[in-house]
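Reader: Please take me closely through the charged side chains and the way they pair, and keep to that part before you widen the view.

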Amino acid sequence: MIHETAIVSEAAKIGSGVEIGAYALVEGDAEIGDGCVVAPHARICSGARIGKGCRIGSFSLISGDPQDLHFDRSVVSGVKIGDGTEIRESATVHRSTAEGGFTVVGENCLLMASSHIGHDCVVGNNLIMGCFSAFAGFVHAGDNIFISGGVMIHQFVRVGDGVIVSGNSASSKDIPPYTNVYGRNNLGGLNLIGLNRRGTSRESIAEVKSLYMRVYAGGSPRKRALEALKESAAKTPEGKMFLEFFEPERHYLTPR
């Protein structure tokens, strides 16, 4: 179901049951999975790889050029969008700066109106990103994250699983898993509501609380976390993930 005014490249791969609205653009070798809906006036650029059952809102831009003054537009790169993700009106996801690279957004995410995922970001599953929020380049975000409206995340920052960031906040520092962040680089405790809503066991929640208090009891949080790791203080998957986030060699810039 492609509207007569839509422009779709002959090189594009369009799955079954796809709807493409009026004046939408699908360029180059873009791929759109089965059952997707592309709203009127959306633009999907070459290099886009969109999974099944996604919804792409009006005036959104997928796989556009990075906002990087040093970027060479001859570089061939793209964006991967996981199954079931919804990208609302005027949201943007920019392609990688690396030859053959991809900016990655996971499955079942919701990018609300006018939100932005910058070049070379790797985002996990079930992200909810509020209106007018943005990830700068090379951000890595885990699963089950809630980013409220008007939030700015600096380039190269890591955001752990299960994090919630309060509205109109800004972060230029890594955000450990399961925590609550507000203002500018302010850590406000654990996201216990989120842990409970996802059915996390009482044992895991209790352990994460204990480890959080130990790590932030004073001095260097990284030093305390590494000491706890060395002592095998974490027994649950959530506890281990919390502590391992502080390892100096830990990075997540390779798509999963």
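**Charged pairs, one by one**

Author: Glu27 has a relative accessibility of 24% and therefore counts as partly exposed, a label for values between buried (under 20% relative accessible area) and exposed (over 50%), computed with a 1.4 Å probe and with protein chains only. The model is predicted, so local features need a pLDDT of at least 70 and side-chain atom pairs count only at 80 or more, while totals for chains, interfaces and linings use all residues. Residues are numbered from 1 along each chain as its sequence is written, and side-chain values use heavy atoms, with hydrogens and water left out.

The side chain of Glu27 meets that of Arg43 in a salt bridge, at 2.9 Å from N to O. This pair links distant parts of the chain, since Arg43 sits in strand β7 (residues 43-44) and Glu27 in the loop between β4 (25-26) and β5 (31-32), 16 residues apart. Arg43 is likewise partly exposed, with a relative accessible area of 36%. A salt bridge here is a side-chain nitrogen of Lys or Arg within 4 Å of a carboxyl oxygen of Asp or Glu, and helices (H or I, at least four residues) and strands (E, at least two) are DSSP runs numbered from the N terminus. Side chains of opposite charge can pair when their charged atoms come close.

In another pair, Arg49 forms a salt bridge with Glu31, and the closest N and O atoms are 3.5 Å apart. Arg49 belongs to strand β8 (residues 48-50) and Glu31 to strand β5, so the bridge ties together parts that are 18 residues apart in sequence. Both partners are partly exposed, Arg49 at 22% relative accessibility and Glu31 at 26%.

Arg214 is partly exposed, with a relative accessible area of 27%, whereas Glu231, at 52%, counts as exposed. Bridges that share partners also join Lys13, Asp29, Glu31 and Arg49 into one network, so Arg49 and Glu31, described above as a pair, belong to a network of four residues.

Now the wider view. The structure holds ten salt bridges. The chain has 25 positive and 27 negative charges, and their mean positions are 9 Å apart; Lys and Arg count as positive and Asp and Glu as negative, His and the chain ends being left out, and each charge is placed at NZ of Lys, CZ of Arg, CG of Asp or CD of Glu. The C-alpha atoms fill a box of roughly 60 × 40 × 30 Å, taken along the principal axes.
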